[in-house]
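This briefing sets out selected features of the structure shown below, grouped by topic. The model is a predicted one.

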Amino acid sequence: MTDQEQASKISEIIEAYPADQRFALAAMQDMQHAFNYIPEEGLSALAAYLGCAEAQLYSMATFYKALSLTPKGDHIVKICNGTACHLRGAMNLATELKRNLGIDPGETTEDGTFSVELVNCLGSCALAPVMLVDGTYHNKLRVEQIPGIIESYANGGEVSAHD
Amino acid sequence: MSEKLTIRIDGVECECEKGEYIYDVARRNNIPIPVLCRSDAFSDHRACCRICIVEVEERGKRKVVTSCVYPISQECDVYTKSEKILEERAVILSLLAHRAPDAQRIADMNKAWGREGFERLVTIDNEKCILCGLCVQACDSLGTGAISTVLRGTEKKVDTPFDKPSEFCVGCLSCANVCPTGAIEFSQDEKTRTIWNRTFDLLFCEQCGSLMGTPESARHAVGEGEVPTVCDACRKKKLADEMMQTYRYV
């Protein structure tokens with residue numbers, strides 16, 4: 001995406017909302033969705049449009065985990081670390097991912113393919129441990145399955161949740 | 001005219017208006033209540049440091065409240081030094097002292113009202129900030145909005161967006177002046193001032209040469225108007241001289 005395309009996309013997202021501060025979060029979520037992160041230009045354009053301080057939006061953007069100010073990977077891997085998943089070895093999954101991708105939770109691979117996040121509870125405790133990749137649940141996961149799953153996403157394909 | 005009430009603070013009868021905050025009434029009656037995050041510059045207070053807690057007894061029920069934001073609604077008894085308050089304030093001060101060990105004011109308060117027995121707590125190194133947010137409130141109220149609290153939890157801090165010099169900062173030092181613990185760092189030499197990673201020129205009065213702030217802050221203060229070249233004192237003096245001349249022969 002060129003700078004110009006990005007700028008027009010930003011103004012398209014922003015101008016879909018009335019110029020009122022209460023739409024700040026919604027507009028930022030849309031930007032996060034469109035670019036996989038909130039570009040700096042997006043934040044300042046939104047501040048100018050809503051008539052609020054950029055610092056205020058920056059404060060919100062750094063507060064919410066769902067918003068990111070650095071580009072996220074193409075595939076977002078969420079490891080559930082809720083109580084049930086934690087007890088069933090969620091941290092082992094994180095270690096295995098580190099072995100495969102070389103990144104800790106909260107980081108993105110250098111080629112921008114994967115981001116790994118540790119999340120609190122995905123609400124599927126009966127299926128623990130759970131890992132979510134781009135909205136697909138991988139249930140009752142064993143450490144041995146991880147390399148295969150990562151590989152299938154790296155090759156551009158998707159695997160079914162119950163293979 | 002709002003309703004008048006009489007309340008007792010530590011047994012002293014105090015006149016007050018309905019809706020006044022306990023802290024304001026206590027101060028007017030020379031009853032000291034320690035505070036950190038309260039500033040006279042604002043009408044809405046942070047109620048963040050929690051040091052100003054007092055016990056209020058209304059209709060026989062006692063409760064602990066933050067005096068800086070507790071409006072008086074009925075006749076009541078206020079206790080600023082009850083055993084419960086001294087105990088709780090000591091805990092709060094100990095926590096703050098571990099949070100901001102470099103803040104002299106907290107250290108002094110902790111010495112006066114703190115208690116021992118909190119050694120197990122981890123002390124944050126080289127920290128003065130208690131994250132009360134007065135600086136952000138000051139910056140916002142001036143309409144500059146250059147700083148805000150960023151991140152969350154243990155990483156939370158006050159900063160400019162992206163940790164870069166802010167184009168909106170005018171170098172007025174309002175944030176540093178309002179800070180109760182002197183946590184906002186800035187440096188100043190004969191010609192420049194540096195704050196929030198940005199360096200400003202200094203503006204001096206054309207007449208007496210006293211410091212007037214930065215050109216940016218002077219411009220921000222007058223908006224569209226003309227930026228003053230002389231300080232307030234010189235301007236008043238000039239005006240007074242002119243008046244004297246005008247009415248000389250009257």
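Leu25(A) belongs to helix H2 of chain A. Leu25(A) is partly exposed, because 15 other C-beta atoms lie within 10 Å and a buried residue would need 20 or more. Between the C-alpha atoms of Leu25(A) and Ile146(A) the separation is 34 Å, with the two residues 121 apart along the chain. The points below begin with the helix that holds Leu25(A) and then turn to other parts of this predicted model.

**Helix packing in chain A**

- Two packed helices are described by the angle between their axes and the distance between those axes.
- Helix H2 (residues 24–35) and helix H3 (residues 40–50) of chain A have axes that come within 11 Å and cross at roughly 150°. H2(A) is therefore roughly antiparallel to H3(A), as angles over 145 degrees count as such.
- The crossing of H2(A) and H3(A) is right-handed. On the H2(A) side the contact involves Ala24(A), Ala27(A), Met28(A) and Met31(A), and on the H3(A) side Gly42(A), Leu46(A) and Leu50(A).
- Helix H1 (residues 3–15) of chain A also packs with H2(A), at an angle of about 145° and with the axes 9 Å apart. The crossing of H1(A) and H2(A) is right-handed.
- In that pair, H1(A) contributes Lys9(A), Ile10(A), Ile13(A) and Ile14(A), which meet Ala27(A), Asp30(A), Met31(A) and Ala34(A) of H2(A).

- Strands of a sheet pair through backbone hydrogen bonds, in either a parallel or an antiparallel sense.
- Chain A has an open sheet of four strands, ordered E2-E1-E3-E4, with mixed pairing. Strands E2 (114–119) and E4 (136–138) of chain A are at the edges with a single partner strand each, so one side of each has no neighbour in the sheet.
- From one strand to the next, the twist averages 20°.
- Strand E1 (residues 75–80) of chain A pairs with E2(A) in the parallel sense, over six bridges. Ile76(A) has Ser115(A) in E2(A) as its bridge partner.
- Helix H6 (residues 90–101) of chain A lies across E1, E2 and strand E3 (131–133) of chain A, and runs at about 150° to E1(A).

**Individual sites in chain A**

- Ala128(A) and Pro129(A) are joined by a cis peptide bond, with omega at about -5°. Pro129(A) is located in the loop between E2 and E3 of chain A.
- Tyr153(A) is part of helix H7 (residues 146–154) of chain A. Tyr153(A) is partly exposed, since 19 other C-beta atoms lie within 10 Å and the cut-off for a buried residue is 20 or more.
- Although Tyr153(A) and Asp74(A) are 79 residues apart along the chain, their C-alpha atoms are separated by 9.6 Å.

**Helix H3 of chain B**

- Helix H3 (residues 104–113) of chain B has buried residues at Ile106(B), Met109(B) and Asn110(B). These buried residues fall within an arc of 100° as seen down the axis of H3(B), so they line one face of the helix.
- An α-helix has 3.6 residues a turn, so residues three or four places apart point the same way.
- The buried residues of H3(B) pack against helix H2 (83–99) of chain B. On the other side of H3(B), the exposed residues are Gln104(B), Asp108(B), Lys111(B) and Ala112(B).

**Hairpins and positive phi values in chain B**

- Strands E1 (residues 4–9) and E2 (residues 12–17) of chain B run antiparallel and are joined by six bridges. Lys4(B) has Glu17(B) in E2(B) as its bridge partner.
- E1(B) and E2(B) form a hairpin with two residues between them, and Asp10(B) in the turn has a positive phi of about 50°.
- Strands E9 (residues 192–195) and E10 (residues 198–201) of chain B are antiparallel and joined by four bridges. Thr194(B) is opposite Thr199(B) in E10(B).
- The hairpin of E9(B) and E10(B) has two residues between the strands, and Trp196(B) in the turn has a positive phi of about 50°.
- Asn197(B), in the loop between E9 and E10 of chain B, has a phi near 65°, a positive value in a residue other than glycine. Asn197(B) is exposed, with 12 other C-beta atoms within 10 Å.
- Leu131(B), in the loop between H3 and helix H4 (134–141) of chain B, has a positive phi near 60°. Leu131(B) is partly exposed, with 19 other C-beta atoms within 10 Å.

Methods:
Residues numbered from 1 in each chain as written. Chains lettered and ligands numbered in written order. Predicted model: local features only at pLDDT ≥ 70, side-chain atom pairs only at ≥ 80, totals over all residues. Pairing = 2+ DSSP bridges. Axes fitted to C-alpha atoms, helices over the stretch in contact; angles between N-to-C directions. Contact = placed C-beta atoms within 7 Å. Arc of directions from axis to C-beta. Parallel < 35°, antiparallel > 145°, perpendicular 65-115°, else oblique. Left-handed = near helix turned anticlockwise from the far one by under 90°.
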